[in-house]
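Hi,

Here is the structure I promised to pass along. Have a look at it first, and then read on for what I found.

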Amino acid sequence: MSGGGASTGLRRRDARHRWETQVGPSMTPMVDVTLVILIFFMASAAFIGPEVVLATGLDARDEAGRGGTLTLPDAVIEIRLEASADGGVRATGVGLERGTIDELGASLADLGAGVAGDDPLTVIIEAGEAVPYGSVVRVRDLCERSGLTRVVVR
Amino acid sequence: MRRRPLHAPATTSRINVTPMIDVVMCLIVFFLIVGKLAADRVEPVPLPDARAGQPPEGAGELIVNLVLEADEPTIIVEGVALSPDGLEEVVRSVLTDDPARTIRLRADKAIPFGRVRPVLEACRRAGATGVRLGAEQA
């Protein structure tokens, strides 16, 4: 084997050459590229990361309550949401009468467990004018977590 | 032939490409992010929280933003503010071209539902049977 140290990148010292201290490939470009890729994924995650969607049906009735072309099935559960005087939201339906959303969540979980494997129920969420949209989505989320995926909002 | 001095100053004839790679990569990343935002037309909206749900489809969706501007809900689609009637026309046009296209509603969680309903009504009048409610994964 000629040129001892070739496998490590070291070269024989002679009168013309000093020791070359670099062993292996240069790490700088790789670190650069890796950092840029890291920043890219962090930035992408900030923009597109945590968003999810909840598929929701639209009621076929028009603003005046006249029937539309979509016929709802018979197995329907109605939930009525109303804004209360204390700034909260009260839910009526699924055995509740002006209960809290947490109580509604428990009732929906029981309902979902009871109908598991049967034909899916359709849940209709009817929200009052003053109910915050966030509460409507929260109830829609509770339905999804209870296995009730066919939900209509009106 | 001239003899080279014993300790000649080290000269590098190669161009150092590392800074160029840095700059080019940064530009690529910048345009990828800007392109992504432009494609989605995503407005900064404080979305409701949800623990369930599916990941959004992405490029195939029509994204309808409902944002609060000066305490007034404003419908924004692809950067353009629309009335409910204008939204109805847009949705009808989109569904005429591709009936399978989905609609994602990204609405401010603080907006009263009475101000969201006209958006849903406009989609329904345009022929949509459902929308996807955008939420932030809790």
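This is a predicted model: local features need pLDDT of at least 70, side-chain atom pairs count only at pLDDT 80 or more; totals for chains, interfaces and linings use all residues.

**Where chains A and B meet**

In it, 42 residues of chain A are in contact with 49 residues of chain B. Together the two chains bury about 3900 Å², and carbon and sulfur atoms account for 63% of that. On the chain B side, the residues that lose the most area to chain A are B:Phe113, B:Arg124 and B:Leu133, which together make up 17% of what that side buries.

One of those residues, B:Leu133, also turns up in the strand pairing. Strand E1 of chain A (residues 51–58) runs antiparallel to E6 of chain B, with seven bridges between them. Within this pairing, A:Leu54 sits opposite B:Leu133.

What about charged and polar links? There are three salt bridges between the chains. One salt bridge joins the side chains of B:Arg117 and A:Glu129, with an N to O distance of 2.6 Å. Counting residue pairs in polar contact, with both residues at pLDDT 80 or more, gives 18 between chain B and chain A.

Which elements of chain B give two or more residues to the side that touches chain A? They are helices H1 (18–40) and H3 (113–125), along with strands E1 (49–50), E5 (103–107) and E6 (130–137). By class, that side of chain B has 25 nonpolar, 16 charged and eight polar residues.

Best wishes

Methods:
Residues are numbered from 1 along each chain as its sequence is written. Chains are lettered from A and ligands numbered from 1 in the order in which they are written. Side-chain values use heavy atoms; hydrogens and water are left out. Contact means heavy atoms within 4.5 Å. Buried area is the accessible area (1.4 Å probe) that two parts lose on being put together, summed over both. A salt bridge is a side-chain nitrogen of Lys or Arg within 4 Å of a carboxyl oxygen of Asp or Glu. A polar contact is a pair of N or O atoms within 3.5 Å; within protein, one must be able to donate a hydrogen and the other to accept it, and residues adjacent in sequence count only if both atoms are side-chain atoms. Helices (H or I, at least four residues) and strands (E, at least two) are DSSP runs, numbered from the N terminus. Ala, Val, Leu, Ile, Met, Phe, Trp, Tyr, Cys and Pro count as nonpolar, Asp, Glu, Lys and Arg as charged, and the others, Gly among them, as polar. Two strands pair if DSSP finds at least two bridges between them.
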